Amino acid sequence: HSASTLVHYFSKNLLILLFSFILVCNSIIAEEEKKLDKIENINFPAAVIDMKVVLAKSSAFITLQKEIQKLEQNYKEEIKNEEEILKKEQEKLVAQKSVLSNEEFKEKEDIFKQKVNKIQRKVEQIRRELESTMAKGMQIIQQEAIKHMKEIAKKEGYLLVFDANTTVISADRINISSIVVEKLNKSLPKISVEKKKEKKVD
């Protein structure tokens, strides 16, 4: 009888211990789930942006490229016309060589060379101007993109914004490139560039 009483006592206490253990485990699991929920709800205090993607998808950058190409084509036609004139002058000079004295020919040849050098300097000046115009246009677009990036960071509580091309953080959830592009295309849909007034080339 004592043995059965002890068995009953231990069985009863064992059930209580097991029940208590289950309650404690459930409590711990519930707490961990709450922590996980909190972690998931906390915004990661950093974001990434791919400025190459932003530029490529920027309507202003696309129009800038087209404007630069248009200017380049206009300049090419202009230079081509001047080169045609020089070509005719060269042919005329070669034809006159037999009837001109050495001094007269050298004088005309020197004048011709000066004209050739002048066109070469003009081509170099045009190249620099096109590069400068492109760089200034890109700077305007980038400044506008950075303005939107800062506004988004402030609104979303991002403490840092990393360049996607120089960081290993690449989660789409924190990549704000497409959001910046959308805002950029609304605030700066295009950039207009004009042909600069031609400077006198000595």
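User: Which residues are exposed on the other side of helix 5, away from its buried residues?

Analyst: In this predicted model, the buried residues of helix 5 are Ser177, Val180, Val181 and Leu184. They lie on the same side of helix 5, because they cover an arc of only 100° around the axis. The exposed residues on the other side are Ser178 and Lys186.

User: Against which elements do the buried residues of helix 5 pack?

Analyst: An α-helix has 3.6 residues a turn, so residues three or four places apart point the same way. Val180 and Leu184 are among the buried residues of helix 5. The elements against which these buried residues pack are strand 1 (46–49), helix 2 (51–56) and helix 4 (102–156).

User: Is proline 189 buried, partly exposed or exposed?

Analyst: Proline 189 lies in the segment after helix 5 (177–187). Buried means under 20% relative accessible area and exposed means over 50%. The value for proline 189 is 43%, so this residue is partly exposed.

User: Which residues are in contact with proline 189, leaving aside its neighbours within four places in sequence?

Analyst: Contact requires heavy atoms within 4.5 Å. With neighbours within four places in sequence left aside, the residues in contact with proline 189 are Ser59, Ala60, Thr63 and Leu184.

User: What is the accessible area of the nonpolar surface patch that Leu159, Leu160 and Phe162 form together?

Analyst: Leucine 160 lies in strand 2 (residues 160–163). Leucine 160 is partly exposed, with a relative accessible area of 47%. Together, Leu159, Leu160 and Phe162 have an accessible area of about 300 Å².

Terms used
Residues are numbered from 1 along each chain as its sequence is written. This is a predicted model: local features need pLDDT of at least 70, side-chain atom pairs count only at pLDDT 80 or more; totals for chains, interfaces and linings use all residues. Side-chain values use heavy atoms; hydrogens and water are left out. Patches are made of residues with over 30% relative accessible area and no salt bridge: like charges are joined within 9 Å, nonpolar side chains (Val, Leu, Ile, Met, Phe, Trp, Tyr) within 5 Å. Accessible areas come from the Shrake-Rupley method with a 1.4 Å probe; for residues, only the protein chains shown count as cover. A salt bridge is a side-chain nitrogen of Lys or Arg within 4 Å of a carboxyl oxygen of Asp or Glu. Helices (H or I, at least four residues) and strands (E, at least two) are DSSP runs, numbered from the N terminus. Buried means under 20% relative accessible area, exposed over 50%, partly exposed in between (1.4 Å probe, protein chains only). The arc is that of the directions from the helix axis to the C-beta atoms.
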